[in-house]
Amino acid sequence: MSLLNDLINLNLSETTKRIIAEYIWIGGSGMDMRSKARTLPGPELDPSKLPKWNYDGSSTEQATGDNSEVIICPQAIYMDPFRRGNNILVMCDTYTPTGDPIPTNKRFNAAKIFSNPEVVEEEPWFGIEQEYTLFQKDTKWPLGWPVGGYPGPQGPYYCGVGADKAFGRDIVDAHYKACLYAGINISGINGEVMPGQWEFQVGPVCGISSGDQVWMARYILERITEMAGAILSFDPKPVSGDWNGAGAHTNYSTKSMRNDDGIQVIKKAIEKLSKRHKEHIAAYGKGNERRLTGLHETADINTFSWGVANRGASVRVGRDTEKAGKGYFEDRRPSSNMDPYTVTSMIAETTILWKP
């Protein structure tokens, strides 16, 4: 076993300039992540200089067997915390051989929105709070929960400390450090209200990079849970009953909101969001109706609301923003399994480009 670990941790730079690039993309379900590796002649940090590649889309539910080739295009590069050295992780999006984005490529349309001059001028920042739940591999029951039973009621687990309150901290801390190593702007972690549930935050990040970084952070977490023998779930309501669901609260600001008297811009943006509530809900994740019930720190899925420091509202404005008269707001509606490309670009489109 020690020899195997020695081989896994070999420092390639001692004998070769060549590196390993792990190409990563989103599969046919819209949530499954796929990856494969290739050798490159030397270190590279510019995605436009990396070769395109392809894969069998018929095995990922993204193409038919008689026309199965899907092209993956490198879009963002991160340092590889698993192989380390000069090796890299490459976030890719997906196209047909003729160059058209395939239906599951949500990055393509998001990039168009974020490259609009009006959006570029506003420098939209996003901070995404990604909640997730860790499950025991064999029992398919949350980590730390008694098999076939339930732990004590919610209360002591949020930001809790101790073997009877925090389950999976080794995974969480490994993920935190791996993301920092990779170059992801991960800004924090915490234990959540339901035992076995955790959260990491990515941001502030500008524009399309927010989606890239959240997806890469998800990939790194999936790899770490694979190593730890745990199951990662982004289900918005992983356990029914009197237990909190899992969301992806999205904090957002534009340059105008961050400037003096930006609170007026924030209020106008929230008004726009209220008028497109149904469209946003439809794009904010599958199964979200099980989470947005009006209970457990959520607003009812059918009704838009906002308030200052109100965690039971669709949109929350913080006390600091209210006091400063400028800042950001939090859209609390997105579910944990949302697509960050879709959510971030839709918020930018509605608040900056859309004319009611």
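Residues are numbered from 1 along each chain as its sequence is written, and side-chain values use heavy atoms, with hydrogens and water left out. Because the model is predicted, local features need pLDDT of at least 70 and side-chain atom pairs count only at pLDDT 80 or more, whereas totals for chains, interfaces and linings use all residues.

**Annotated spans**

An unreviewed UniProt entry gives the annotation "domain: GS beta-grasp" to residues 19-99, and the feature "domain: GS catalytic" is placed by UniProt, also from an unreviewed entry, at residues 106-356; such annotations may be inferred rather than shown by experiment. Residues 19-99 are 0% helix and 48% strand, with end C-alpha atoms 28 Å apart, while residues 106-356 are 38% helix and 19% strand, with end C-alpha atoms 24 Å apart. Helices (H or I, at least four residues) and strands (E, at least two) are DSSP runs, numbered from the N terminus.

A pocket is an open set of points on a 1 Å grid over the protein atoms alone, where a 1.4 Å probe fits and protein lies on both sides within 12 Å along at least five of seven lines; lining residues have an atom within 4 Å of a point. A volume is the space filled by probe spheres set on the points.

| Pocket | Volume | Lining by class |
|---|---|---|
| Largest | About 580 Å³ | eight nonpolar, 13 polar, eleven charged residues |

Among the 32 residues lining the largest pocket, Glu129, Glu199, His249, Asn251 and Glu330 are the closest to its centre. Strands β6 (125-136), β8 (197-206) and β10 (248-253) each supply at least two residues of that lining, and β6 has the largest share, five residues.

The second largest pocket is lined by 21 residues, of which Ala283, Gly285, Lys286, Asn337 and Asp339 are the closest to its centre. Helix α8 (residues 277-283) gives the most to this lining, with three residues. Because domain 1 (1-104) and domain 2 (117-353) both give residues to the lining, the second largest pocket lies between them; these bounds come from an automatic or database domain assignment.

Conventions: Ala, Val, Leu, Ile, Met, Phe, Trp, Tyr, Cys and Pro count as nonpolar, Asp, Glu, Lys and Arg as charged, and the others, Gly among them, as polar.
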